[in-house]
Amino acid sequence: MASLSLEIVTPSGVVLAESVDEVVAPSVQGEFGVLAGHLPMLAALHTGLLHYKKGGESVDVAVGTGFAEVINDKAIILTDRFITKEKVEVLEVRERLKEVDAALEQWDGDLEAPERLELIEEEQWLATQLELYGDPPVPKVLALGRTTDYSNIMPPLADDPLMQETPADAEHE
């Protein structure tokens, strides 16, 4: 099988350089896979697990946000964070995740505040590390913005003439 060069680069430098058979990475629009001979592409990355296969062995690592470029049988992953399963400090990650979750639950400020968005990003990174380790936390749903109740601008459906039963409807019952 033809090989693909995979490089993962963080602000501290190249953290992984391997010749691999396949790469699957988490993009902002879902996972994408790359094999040797792939067309050139550029993708924005979402925090998550990156999988690669080398000689029949599958390896998972965690990456943060960033970009992926694929060109000439080379996949370059530029990311702000990277960790392997062996480097995950489970107890520290779980403790910090509890702190971040508590801060998010108690948040009463602007939902779009940079501080809150940073907490959400950190929560995703911590959860990804636990998923990499094999013990992911229970997913949580956080409101990213304010919601608007539009129910009061429409009349009740029973008053809607289009929703009234017609003689034809009665015949089919």
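A salt bridge here is a side-chain nitrogen of Lys or Arg within 4 Å of a carboxyl oxygen of Asp or Glu. The model is a predicted one, where local features need pLDDT of at least 70 and side-chain atom pairs count only at pLDDT 80 or more, while totals for chains, interfaces and linings use all residues. Residues are numbered from 1 along each chain as its sequence is written, and side-chain values use heavy atoms, with hydrogens and water left out.

**View 1. Arg96, Glu99 and Glu122 form a network of salt bridges.**
Helices and strands are DSSP runs numbered from the N terminus (H or I, at least four residues, for helices; E, at least two, for strands). As for accessibility, buried means under 20% relative accessible area, exposed over 50%, and partly exposed in between (1.4 Å probe, protein chains only). On that scale Arg96 is partly exposed at 30%, and Glu99 is partly exposed at 40%.

**View 2. Helix α1 keeps its buried residues on one face.**
This helix has 16 residues and reaches 22 Å from first C-alpha to last, close to the 22 Å expected at 1.5 Å a residue; the expected span is 1.5 Å times one less than the number of residues. Its buried residues are Val90, Val93, Leu97, Val100, Asp101 and Leu104. Looking down the axis of α1, they fall within an arc of 100°, so they line one face of the helix; the arc is taken over the directions from the helix axis to the C-beta atoms. What do the buried residues of α1 pack against? They pack against α2, with contact meaning heavy atoms within 4.5 Å. Turned away from the buried side of α1 is a face with the exposed residues Leu91, Glu92 and Lys98.

**View 3. Strand β8 pairs with β5 and with β9.**
Two strands pair if DSSP finds at least two bridges between them. Strand β5 (residues 41-45) runs antiparallel to β8 over five bridges, and β9 pairs with β8, also antiparallel, over six bridges. Glu69 of β8 is the bridge partner of Leu42, and Ile76 in β9 is the bridge partner of Glu69. In β8 (residues 66-71), Gly66, Ala68 and Val70 make up a covered face, while Phe67, Glu69 and Ile71 make up an uncovered one.

**View 4. Asn72 and Asp73 sit in the loop between β8 and β9.**
The hairpin of β8 and β9 has two residues between the strands. Asn72 has a positive phi of about 50° although it is not a glycine, and phi of Asp73, also not a glycine, is near 55°. Asn72 is exposed, with a relative accessible area of 70%, whereas Asp73 is partly exposed at 34%.

**View 5. Glu7 and Lys74 meet in a salt bridge.**
The N to O distance between these side chains is 3.4 Å. Glu7 is in strand β1 (residues 4-10) and Lys74 in strand β9 (residues 74-79), 67 residues apart, so to speak linking distant parts of the chain. Lys74 is partly exposed, with a relative accessible area of 30%.
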